[in-house]
Amino acid sequence: MISNVKIAIIGCGNLGTSIANGLLALDNFDPKNLSLTKRNTESLSEFEAKGVHVHSDNVIAAKYADLILLGVKPYNVSTILKEIKPVLDPKKQIIISLATGITLEEMFTVIDPATVTFRAMPNIAADIQESITCICQKQASPTQIEVVKELFDAIGITITIDESLMEAATVLGACGIAYVLRFMRAMIQGGIQIGFDAVTASKIVNQTVKGAAELMIQKNIHPEAAIDKVTTPKGCTIVGLNEMEHQGFSSAMVRGVIASYEKIEK
Ligand SMILES: NC(=O)C1=CN([C@@H]2O[C@H](COP(=O)(O)OP(=O)(O)OC[C@H]3O[C@@H](n4cnc5c(N)ncnc54)[C@H](O)[C@@H]3O)[C@@H](O)[C@H]2O)C=CC1
Ligand SMILES: O=C(O)[C@@H]1CCC=N1
């Protein structure tokens, strides 16, 4: 049970906070099983008030954790690993790096290559237990894989992938939430121009996007199959969609995805 596992999030910023919120909303999750670190812990005081261990000592947090999540920026991963290495127990603990573009091999140049190490790529919807998290690992036992899957299943859904796809997973799942939000913002702006106030436009757009996503998830169909049901011949939907395509909508999205990917691969 994930509720009995001691979890440390080293470097609890935007993503770490989302994961912490998702975990704390679970039934039976004991806040005492969660440790969050940050250099300046002021912004984590709400967690402290809920009984979570909050401090700036990464070594202490790592020492007493079963699962050690690295939530720092990619360029800080190596420094953190060097810092916590003296207290790591490769046989008992599991390290999970959330950092973009840092390979398992790179981590093994710092820590003992026998350490059970995962890379995981969740997104900020972990906050409301709706993340999609892609994971990959080296030398984990089926039980250890199960524990890590259980952690991320608790805050959304989890897919196991090959490490070679982790950068693509970052773009589609983690950056992806920002692409969707920018799309929503544009739709709200359009809605305001055709007459709605911002609050009403947001409400309509939020539910429309939720409905579209749920339709795809529950019916397991390709988006275009559902689009065909909306586009009345000679109607207003197809006119709007075609105008968006004339303006490069799909092309802009594909090129944005590739630009993000190329940025990580550099
Ligand atoms: N923000 C997102 O949506 C996603 C981020 N990621 C990855 O997660 C990692 C974190 O991203 P964010 O949360 O956006 O960054 P962030 O900058 O909000 O969080 C990083 C945190 O680490 C803390 N930190 C830095 N050095 C530290 C140290 N020596 N000891 C303890 N804490 C330290 C910082 O104070 C900060 O709070 C990055 O590697 C990023 O690539 C992955 C998926 C999604
Ligand atoms: O923008 C970034 O680099 C990170 C990785 C995925 C989401 N945020």
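**A predicted model in questions and answers**

Q: How many bridges join strand S6 (residues 116-121) to strand S7 (residues 131-138)?
A: Strands are DSSP runs (E, at least two residues), as are helices (H or I, at least four), and both are numbered from the N terminus. Two strands pair if DSSP finds at least two bridges between them. S6 and S7 run antiparallel, and the number of bridges joining them is 5.

Q: What kind of model is this?
A: Residues are numbered from 1 along each chain as its sequence is written, while chains are lettered from A and ligands numbered from 1 in the order in which they are written. Local features need pLDDT of at least 70, side-chain atom pairs count only at pLDDT 80 or more, and totals for chains, interfaces and linings use all residues, in a model that is predicted.

Q: Which residue in S7 is the bridge partner of Met121?
A: Met121 is in S6, which covers residues 116-121. Its bridge partner in S7 is Cys134.

Q: Which edge strands does the open sheet have?
A: The sheet has 8 strands with mixed pairing, in the order S3-S2-S1-S4-S5-S6-S7-S8. An edge strand pairs on one side only, and here these are strand S3 (53-55) and strand S8 (156-160).

Q: By what angle are neighbouring strands of this sheet turned against each other on average?
A: Axes are lines fitted to C-alpha atoms, for helices over the stretch in contact, and angles run from 0 to 180 degrees between N-to-C directions. For neighbouring strands of this sheet, direction is ignored, and the average is 20°.

Q: Which residues of strand S4 (residues 67-70) point the other way from Leu67 and Leu69?
A: In a regular strand the side chains alternate between the two faces of the sheet. All four residues named for S4 are buried, where buried means 20 or more other C-beta atoms within 10 Å of a residue's own, exposed means 12 or fewer, partly exposed is in between, and C-beta atoms are placed from the backbone. Leu67 and Leu69 point one way, and pointing the other way are Ile68 and Leu70.

Q: Which residue in strand S5 (residues 94-97) is the bridge partner of Leu69?
A: On one side, S4 runs parallel to S1 with 4 bridges, and Ala8 stands opposite Ile68. S4 also runs parallel to S5, joined by 4 bridges. The S5 partner of Leu69 is Ile96.

Q: Why is H1 largely enclosed by the rest of the structure?
A: Among the buried residues of H1 are Leu15, Ile19 and Leu23. They belong to a set that packs against S1, S2 and helix H2 (45-49). H1 is largely enclosed because its buried residues number 8 of the 11.

Q: At about what angle does H1 run to strand S2 (34-37)?
A: H1 lies across two strands, S1 (7-10) and S2. Its angle to S2 is about 160°.

Q: Is Asn28 buried or exposed?
A: Most residues other than glycine have a negative phi. Asn28 has a positive phi of about 70°, and its place is the loop between H1 and S2. It has 8 C-beta neighbours inside 10 Å, so Asn28 counts as exposed.

Q: What is the phi of Gln139, about?
A: Gln139 sits in the loop between S7 and helix H6 (142-153). With 12 C-beta neighbours inside 10 Å, Gln139 counts as exposed. Gln139 is not a glycine, yet its phi is positive, about 55°.

Q: How many charged residues are in the shell around ligand 1?
A: A residue is near a molecule or strand if its C-beta atom, placed from the backbone, lies within 6 Å of it. Ligand 1 is surrounded by 24 residues, with Gly11, Gly13, Leu15, Ala99 and Thr100 the closest. Ala, Val, Leu, Ile, Met, Phe, Trp, Tyr, Cys and Pro count as nonpolar, Asp, Glu, Lys and Arg as charged, and the others, Gly among them, as polar. The shell has 11 nonpolar and 10 polar residues, and the charged ones number 3.

Q: Which residues surround ligand 2?
A: The shell around ligand 2 holds 2 nonpolar, 2 polar and no charged residues. They are Thr100, Thr170, Ala174 and Cys175.

Definitions and conventions:
Contact = placed C-beta atoms within 7 Å.
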